[in-house]
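Morning, everyone. I have one structure to show you today.

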Amino acid sequence: KYTFNLIRLFSQVNQPKMSLESAKRIAAERAIDNHVKDNIVLGIGSGSTIVYGVQRLAERVRNENLNIICIPTSFQAKHLILDNGLTLGELDKNPVLDVAIDGADECDIELNCIKGGGGCLLQEKIVASCAKNLIIVADHTKNSQYLTERYKKIPIEVSPIAYVPIKTRIESLFGGDLKLRMGVAKAGPCVTDNGNFILDWFFEGSPTTDFDGINREIMMIPGVVDTGLFIGMARKAYYGMADGSVLEKE
Ligand code: ABF
């Protein structure tokens with residue numbers, strides 16, 4: 001009985017992880033199939049979901065002989081592009097993108113997003129701002145009614161010399177608790193692709209209902225490089241659902 005229960009527990013623990021991975025895959029593949037056509041400039045996001053999208057993209061580029069220029073949003077994205085034999089572009093040469101496809105930590109009914117949980121946000125926001133369309137790909141756990149309903153922190157990328165004053169300022173102005181994100185080994189702070197630190201802003205409940213307003217106010221604080229709030233940027237989201245379907249929202 002003990003062994004049976006252990007096996008059952010083990011399979012329960014592993015079940016959601018497996019289905020979340022396949023949910024990410026179907027969302028990313030659908031987005032690539034719907035938005036990629038020949039001769040476009042495409043922004044490649046960061047995180048685990050976009051990996052499936054890049055694999056599908058590489059397959060389509062090979063099979064259909066497509067000419068796609070890929071603009072990365074991070075070190076990870078750059079190497080995903082190179083490792084999959086895709087054409088690496090840069091904003092200097094291609095300042096206007098047709099589409100950018102990226103993951104998110106949370107995405108609300110108006111397609112406002114929280115991003116940066118994986119450590120990338122600045123380059124993602126720059127690339128998204130240069131794209132005619134930003135498309136979000138995610139599993140169903142990222143789909144929420146309002147921001148911070150499910151994801152309980154907002155990442156903020158800051159200049160290393162300013163992290164203490166910024167933390168103090170935001171806590172006194174808006175409340176909550178800002179924590180310096182540490183690297184994986186916890187030996188020092190997590191350093192972004194741009195040489196900055198990340199403050200994760202935790203709070204009880206939600207800090208505001210006006211995320212656009214609060215984003216603007218935080219962006220005014222000297223030393224804030226950018227926030228993980230992507231307000232009014234995404235045009236469409238694809239969510240991989242637990243039942244194997246893909247929910248499309250725009
Ligand atoms: C990046 O990857 C980040 O902005 C976001 O935090 C994260 C989403 O990753 P995943 O696809 O692994 O959920 O895009």
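Start at the ligand. A polar side-chain atom of D105 lies 2.6 Å from a ligand oxygen. D102 also has a side-chain N or O atom there, 2.9 Å from an oxygen of the ligand. G118 uses its backbone instead: an N or O atom of that backbone is 3.1 Å from a ligand oxygen. I call a pair of N or O atoms within 3.5 Å a polar contact; within protein, one atom must be able to donate a hydrogen and the other to accept it, and residues adjacent in sequence count only if both atoms are side-chain atoms.

How much of the ligand does the protein bury? Alone, the ligand exposes 360 Å², and the protein buries 91% of that. Those areas come from the Shrake-Rupley method with a 1.4 Å probe.

Before going on, a word on the source. This is a predicted model: local features need pLDDT of at least 70, side-chain atom pairs count only at pLDDT 80 or more, and totals for chains, interfaces and linings use all residues. Residues are numbered from 1 along each chain as its sequence is written, and side-chain values use heavy atoms, with hydrogens and water left out.

Confidence next. pLDDT is the predictor's confidence in each residue, from 0 to 100. The chain averages 93, and 93% of the residues score at least 70. The model's ipTM is 0.95 and its pTM is 0.90.

Back to the shell. 15 residues surround the ligand, each with a heavy atom within 4 Å of it. The closest are S48, T49, D105, E124 and K142. By type, the shell has two nonpolar, eight polar and five charged residues.

T49 takes us to helix 2, residues 49-64. Helix 2 has 16 residues and reaches 23 Å from first C-alpha to last, close to the 22 Å expected at 1.5 Å a residue. Its buried residues include T49, I50, Y52 and R60. Buried means under 20% relative accessible area, exposed over 50%, and partly exposed in between, with a 1.4 Å probe and protein chains only. After helix 2 comes N65, with a positive phi near 55°.

Is F203 buried or exposed? F203 counts as buried because its relative accessibility is 12%. F203 sits in the loop between strand 10 (197-202) and helix 6 (211-219). K153 is 50 residues away in sequence, yet the two C-alpha atoms are 6.9 Å apart.

L91 lies in the loop between strand 3 (87-88) and strand 4 (97-102). At 26% relative accessibility, L91 counts as partly exposed.

Terms used:
Nonpolar A, V, L, I, M, F, W, Y, C, P; charged D, E, K, R; others polar. Helix = DSSP H or I, 4+ residues; strand = E, 2+ residues; numbered from the N terminus. Expected span 1.5 Å × (residues − 1).
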